[in-house]
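Here is my note on the model you sent. Please read it with the structure open.

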Amino acid sequence: MNKKLSRTPLLHTLSLSLMLAIGTAQAQTPAEQELLRRVDQLAAELAKLRTELAQLQQQAPTQPSAPAASIAALVEPAPAAQARTVLGGYAELNYNRPNNNGKDAQADLRRLVLGVQHRFDEKTKIVTEIEVEHAVASAGDPGEVAIEQAYVEHQFHPNWALRGGLFLMPMGLLNENHEPTAYYGVERNFVETAIIPSTWREGGIQLVGQLDSGWTLQAGIATGFDLNKWDAASSEGRESPLGAIHQELALARSRDLALFGAANYRGIPGLLLGASVFSGQATHSQQAASSRITLWDLHARWTPGRWDLSALYSRGSISNTAALNMPLVGSDSLIPARFDGAYLQAAYKLWEQGSYVLKPFARWERFNTASRYAELGAGLTPEASDSERVVTLGANFEFAPGVVLKADLQRFRLNKDLNRVNLGLGWSF
């Protein structure tokens with residue numbers, strides 16, 4: 001504390017006391033005597049406060065510093081009193097109603113996820129999540145059951161930890177933070193669904209570091225995509241090229257492994273700047289031609305005051321697709337050589353009272369799942385797809401910590417049949 005400033009009230013008080021003391025000879029009335037008594041009382045209380053402040057300043061250097069925020073919690077030892085086993089989860093229920101085809105309106109328990117974390121000691125823990133999509137999973141129903149995460153993390157340094165197992169890839173803003181309370185809109189954005197698969201996980205080993213400078217660094221080696229799964233007769237590849245060939249560690253082909261890395265900077269309060277890259281071979285010696293898949297992204301998020309602003313660009317490429325596509329010529333869906341997308345989003349905390357928080361938002365997206373095909377020869381090369389553009393306007397209403405109601409409107413530039421109204425309910429704990 002500035003000593004000059006801390007002494008100013010005392011000097012003022014003492015000056016006032018002196019002035020009044022000088023006038024004591026004239027202070028003969030009961031009112032003047034009462035005023036002098038109160039001034040003496042205030043001076044005594046001020047002296048007592050100064051003594052207590054000095055004691056606190058002496059104690060301050062011996063107190064522990066505040067823990068770092070965000071992912072640092074993942075690489076710091078657990079407090080002795082922390083529970084060894086923790087249950088968590090999230091869920092989302094969505095309603096989609098196309099503007100021009102009301103008969104196609106659909107309600108869905110999109111997903112329900114339960115997770116368990118357990119600490120074996122202060123440095124070692126496991127993280128697991130099991131997911132059920134579309135309420136019912138059976139041979140005659142659309143649902144499925146999947147393991148979303150299952151890894152061991154061991155901290156070997158105050159700032160560094162190792163993970164091994166099935167983990168979410170550190171790509172973009174959403175893949176590792178995909179709970180419905182963590183993003184705006186009923187549905188996840190298209191760029192981080194069609195270009196960066198969601199929720200994308202691989203099996204492997206990952207190094208995670210949280211530096212005191214504000215940098216979070218992640219890097220590792222993992223399983224990758226399998227181009228042998230490409231179904232040229234299906235539309236799945238046009239909807240999400242990498243979503244159609246991810247393996248999710250289910251009897252995953254592992255002849256070819258991939259390298260990945262991510263760097264995120266949080267050194268300035270309210271600001272996140274980051275980038276990530278993934279690259280690996282994807283034919284696993286099952287084809288005459290080999291092919292490499294590379295995906296990268298740049299992202300930023302800024303939360304000044306009531307605003308929440310974010311932006312992301314991602315691009316993917318698949319090499320040697322001419323050789324892979326020649327046997328598929330004439331099919332509905334060939335393998336693209338390049339795909340990309342970007343979005344801008346702005347949200348504002350418009351109203352808050354108690355646990356009620358209302359946050360309107362707007363998002364603009366552009367994405368193209370086949371922005372270029374490799375040359376196959378005259379009349380054989382498919383035309384690149386046009387980019388789809390989507391505008392989403394809506395609001396998230398949080399009525400309890402971890403519980404959110406959502407509503408939004410979506411307008412598509414190319415396929416206007418997809419224009420729709422969405423309602424959603426989600427929670428996480």
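The points below cover the basis of the model, its aromatic contacts and its strand pairing.

1. This is a predicted model: local features need pLDDT of at least 70, side-chain atom pairs count only at pLDDT 80 or more, and totals for chains, interfaces and linings use all residues. Residues are numbered from 1 along each chain as its sequence is written, and side-chain values use heavy atoms, with hydrogens and water left out.

2. There are 13 aromatic pairs (Phe, Tyr or six-membered Trp rings with centres within 6.5 Å; planes under 30 degrees apart are stacked, over 60 edge-to-face, the rest tilted). One of them, Phe-190 with Phe-412, is edge-to-face, at 5.5 Å centre to centre and 80 degrees between the planes. Phe-190 sits in the loop between strand E5 (160-168) and helix H4 (191-195). Phe-412 belongs to strand E16 (residues 403-412), 222 residues away. Helices (H or I, at least four residues) and strands (E, at least two) are DSSP runs, numbered from the N terminus.

3. Phe-225 is in the loop between E7 (215-222) and H5 (236-239) and Phe-278 in E9 (residues 271-281), so the pair ties together parts 53 residues apart in sequence. Phe-225 and Phe-278 are buried.

4. Strands E11 (residues 307-318) and E12 (residues 338-348) run antiparallel, joined by 11 bridges (pairing needs at least two DSSP bridges). Ala-311 has Leu-344 in E12 as its bridge partner. E12 also runs antiparallel to E14 (residues 356-372), with 9 bridges. There, Tyr-343 partners Glu-365.

Definitions and conventions. Buried means under 20% relative accessible area, exposed over 50%, partly exposed in between (1.4 Å probe, protein chains only).
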